[in-house]
Amino acid sequence: MKKQTIGIIITILIAIALVGCGKQNDNAAGVKKNQLIYASESEFDGLNPVLEETNVDALLFRGLFRFNENNEAVKDIAESYTMSEDKRTYTFKLREGITFHDGEPLTAEDVIFTIESILDDQNTSFLKSDFTEVDSLKEIGAYEVEMTLKQPFTPILDKLTVPILPKHAFEGQDMRTASFTSHPIGAGPYQFEQWNRGASLTLTAYPDFYGTTPSIEKVIFKFIPDSNVRALQLASGEVDIALLDPNQVAEMEKKEHLNIYDVETADYRGMLFNMNEPLWQDQRVRQAFSYAIDRSQIVKGILKGYGEEAYSPLQKHAFHNESIEKYSYDIAKAEALLDEAGWKKGDDGVRQKEGITLAFTITAPASDAVRVNMANYIAEDFKAIGAQVEVAALDWSAITIEETEAFMIGWGSPYDADHHTYSLFHSSESPLTSSGYNYGSYANPVVDEWLEKGRLATDVEEREASYKAFQEALANDPAFAFIAYADAVYGMNKQVEGVKERILGHHGSGFLWNVEEWNWNDR
């Protein structure tokens with residue numbers, strides 16, 4: 001090839017590179033659009049909110065109630081409501097004039113259909129335990145619903161933040177296979193436009209939304225499971241917002257076009273004990289492994305200080321119990337408990353009992369670097385007490401949590417104390433027998449009793465006492481080895497304004513809760 005030709009090619013390549021850089025800089029500076037590109041950590045299986053919870057629910061849908069910036073349930077589709085003296089019958093008057101994204105009115109029929117669909121065993125909704133106290137639903141008028149409960153159920157208003165589905169969209173279809181799952185119709189500020197599987201989901205502003213009309217015209221969820229790629233695209237301006245791993249924050253803070261939001265969460269990490277495994281049947285063994293975790297070093301080293309040590313699922317709630325056993329790092333206690341349980345150290349330092357080696361595998365989702373790092377760290381911790389522990393970092397598609405020996409779990413809720421406690425720890429909520437989240441088949445009658453009393457008590461002090469007793473019982477007989485609460489640290493283009501921070505839920509969910517109030521400032 002002639003030198004002249006080579007020179008021309010090089011010139012063209014440099015020009016292309018410069019144009020590419022120019023485009024990235026424009027994006028970083030917010031010169032583009034009226035659209036927001038969110039780097040989503042994972043893709044959704046479906047978009048029906050009674051079958052799967054996603055971080056797009058608040059954009060596509062609305063419920064009778066909605067959580068405000070203090071995580072309180074306030075009226076939304078419900079214009080008003082009354083409650084009977086016995087606290088069993090609620091009458092909800094709906095706002096008139098609300099339409100779904102296909103233009104059809106939202107009525108009492110849709111509210112009743114949504115709750116009945118959740119309770120229908122055929123649908124196996126993960127929300128079913130939230131509505132088992134509903135005895136009957138009655139349409140008083142086109143925009144009025146009467147709900148009668150079997151007994152007083154204090155968290156009911158929190159539960160009624162559930163998105164309302166359009167009854168007409170499911171006629172003649174099975175809910176689990178309906179086209180709605182991939183082409184949803186809601187009543188939220190944004191409507192479905194396009195889903196490119198494996199790439200992105202695009203939502204557009206709904207012009208007839210009854211609330212604040214969105215300023216940002218499009219919200220695009222770009223599916224990027226690799227946290228390093230998310231950070232690179234945030235730095236280049238290819239995406240506008242991304243949840244950061246703690247070890248990425250310092251570098252992102254240097255980017256002039258970004259704001260960093262360090263948001264408190266009720267989002268904890270822990271190691272789930274699968275109670276179907278013989279090893280975990282002895283609570284002394286579970287206690288021992290809880291003592292063998294150096295949580296302070298995990299918060300300092302893996303979370304880079306963006307979090308705190310965890311000891312309870314209600315640590316961020318008003319009902320938290322500070323006096324329970326916190327399982328501070330104590331190798332001596334851990335070893336004594338294992339000795340007592342019959343697991344004796346051999347000459348090689350590894351424990352055995354009746355010829356069986358103290359060994360198991362911790363499974364963690366490969367796409368979550370923090371959980372994988374935590375799993376590897378505690379696996380090393382456990383060597384000190386004579387356990388052989390391996391870590392399996394797998395794709396979510398290869399994980400069935402209830403079939404693992406131990407799993408790096410992530411849960412937590414900033415809402416009513418019933419949320420993410422009953423469905424996780426009550427014995428009736430094992431996915432082997434229900435649609436609940438008790439993946440470890442944990443069963444403790446004392447825990448069950450306090451969870452039942454807590455959700456049914458109407459007196460605040462009685463509820464608080466019940467949930468404090470629940471936390472004590474759970475600490476004595478642990479279902480998880482709680483490790484740490486993790487802050488949600490988001491990087492976002494600084495020209496996006498209107499963010500309202502609140503304590504977020506598991507996996508940092510809820511950051512987009514008021515996105516219809518956000519706007520681009522192009523200064």
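**View 1. Leu 243 and its bridge partner Tyr 490 of β22.** Strands (E, at least two residues) and helices (H or I, at least four residues) are DSSP runs, numbered from the N terminus, and two strands pair if DSSP finds at least two bridges between them. This is a predicted model, in which local features need pLDDT of at least 70 and side-chain atom pairs count only at pLDDT 80 or more, while totals for chains, interfaces and linings use all residues. Residues are numbered from 1 along each chain as its sequence is written, and side-chain values use heavy atoms, with hydrogens and water left out.

**View 2. The open sheet of seven strands.** From one strand to the next, the twist averages 20°. Helix α5 (residues 227-236) packs on the sheet and touches β1 (35-40), β10 (218-223), β11, β12 and β22; contact means heavy atoms within 4.5 Å. The direction of α5 makes about 150° with that of β11, on a scale from 0 to 180 degrees between N-to-C directions, with axes fitted to C-alpha atoms, for helices over the stretch in contact.

**View 3. The open sheet of four strands.** Here the order is β4-β5-β7-β6, with antiparallel pairing. β4 and β6 (134-141) are the edge strands, each pairing on one side only. Six bridges join β6 to strand β7 (residues 144-149) in the antiparallel sense, and Glu 139 stands opposite Val 145 in β7. Look also for helix α3 (residues 108-119), which lies across β5 (89-94), β6 and β7 and runs at about 165° to β6.

**View 4. A salt bridge between Arg 62 and Asp 76.** These two side chains meet at 3.2 Å, N to O. A salt bridge is a side-chain nitrogen of Lys or Arg within 4 Å of a carboxyl oxygen of Asp or Glu. Arg 62 sits in the loop between α2 (57-60) and β2 (65-67), and Asp 76 in the loop between β3 (73-75) and β4 (78-83), 14 residues apart. The whole structure holds 27 salt bridges.
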